[in-house]
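Work through the exercises below with the sequence and the model side by side. Try each task before reading its solution.

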Amino acid sequence: MPLFDGFYGNSKAKEALVFYQRDGRFPHGILLEGEEGTGRRTFARLIAAAALCEGEKPPCGQCRHCKKIRKEIHPDVQTIGPEPGKKSFKKEQVEWLRADAWIKPNEAPRKVYILCETQYMTAWAQNALLKLLEEPPAGVLFILTCDNRFKLLETVRSRVVTLPLEGPGPELTAVALLKENPSLGEEKAAQTAVQAGGNLGRAKRLLADPAFLSLGEKAGSLCEKIDGADWFGVLQLLSSFEGDREGLIACLEQVRQTLTEDTKLSYTAEKSRRYRILPLQAAKVLGIIDKGMEYARQNMGMPLLTTWLAAGIGSAFEE
């Protein structure tokens, strides 16, 4: 499958897609779960291509449907999500989807709707979508993406097949970076891959965005201070964001991704871990970070928020 060549790792998700295509029975709803940078939208388009492909080995990448999906101009593949700068779906988007899903495809045997960042859907929007998932129109495939399935209603989760996605890991990330940009050099590629926690999307952004690189360095420093139980240092670093709410959220997201990936290694390759944080401690820290990002988006006062975060992270290590 040529289109898989540029999508690294995630063998289980790829195998599931091959099975669906070969069996000829795609689920009417698929949920792609993974942190930012794991290629959720890219894989969603691969699923759409496999579902509509006319080639012998779907997704072939060469037929008219595959080409249009790659260019994001296929009339029967619609991508819906929060508008730039927004964190929720508009009511009009959901109402349009509920009506459009019953209209026959333009040129393909089925229609595909890619719903991005569904963790930001309100309960009303999810319940409206639920009605489509319970009694889907014939020949319609819904592909949802989110960072955490448990942010969706249980009724929605029970009506879709979940495919977890994750970063390809430092080694494959470095390979991918070098393939795209050979002049980067092996040392720089490897360094960036490690800094990104094996997350290819994050690694690309670190190379392209100096501001994101600075946030990455602060996130790395925060992880080091947490690992070293430097609670005053944690408070100092968090306090440096008191005039930058969005910067704090972005930093916390990177810390969350880094600690999540590092914790996974505790179950497979202990020696390759960067930090000594125990899985239970990491789970508590991640819970505090998630709540902190929620408070930040609710416009909690920044001095209070940074103090609350530092105290909460420290308490995760108390026996």
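The exercises go from the overall form to single residues.

This is a predicted model, in which local features need pLDDT of at least 70 and side-chain atom pairs count only at pLDDT 80 or more, while totals for chains, interfaces and linings use all residues. Residues are numbered from 1 along each chain as its sequence is written, and side-chain values use heavy atoms, with hydrogens and water left out.

**Exercise 1. Decide how the radius of gyration of the protein agrees or disagrees with that of a compact globule.**

Step 1: The radius of gyration is taken over C-alpha atoms, and the globule rule is 2.2 Å times the number of residues to the power 0.38.
Step 2: For 319 residues a compact globule would have a value near 20 Å, and since the protein has 21 Å, the two agree.

**Exercise 2. State how many helices and strands the protein has, and what share of its residues is buried.**

Step 1: Helices (H or I, at least four residues) and strands (E, at least two) are DSSP runs, numbered from the N terminus, and the protein has 14 helices and five strands.
Step 2: Buried means under 20% relative accessible area, exposed over 50%, and partly exposed in between, with a 1.4 Å probe and protein chains only.
Step 3: By this rule, 48% of the 319 residues are buried.

**Exercise 3. Classify the ring pair of Tyr 113 and Phe 142, and locate both residues.**

Step 1: Rings of Phe, Tyr and Trp (its six-membered ring) pair if their centres lie within 6.5 Å; planes under 30 degrees apart count as stacked, over 60 as edge-to-face and the rest as tilted.
Step 2: The structure holds seven aromatic pairs. In the pair of Tyr 113 and Phe 142 the centres are 5.8 Å apart and the planes are at 20°, so this pair is stacked.
Step 3: Because Tyr 113 lies in strand S3 (residues 111–115) and Phe 142 in strand S4 (residues 140–146), the pair ties together parts that are 29 residues apart in sequence.
Step 4: Both Tyr 113 and Phe 142 are buried.

**Exercise 4. Describe the surroundings of Leu 178.**

Step 1: Leu 178 belongs to helix H7 (residues 170–180), and its relative accessibility of 23% makes it partly exposed.
Step 2: With contact meaning heavy atoms within 4.5 Å, Leu 178 touches Gly 185, Glu 186 and Ala 189, not counting residues up to four places away in sequence.
Step 3: Leu 178 and Lys 188 are ten residues apart in sequence, and their C-alpha atoms are 9.3 Å apart in space.
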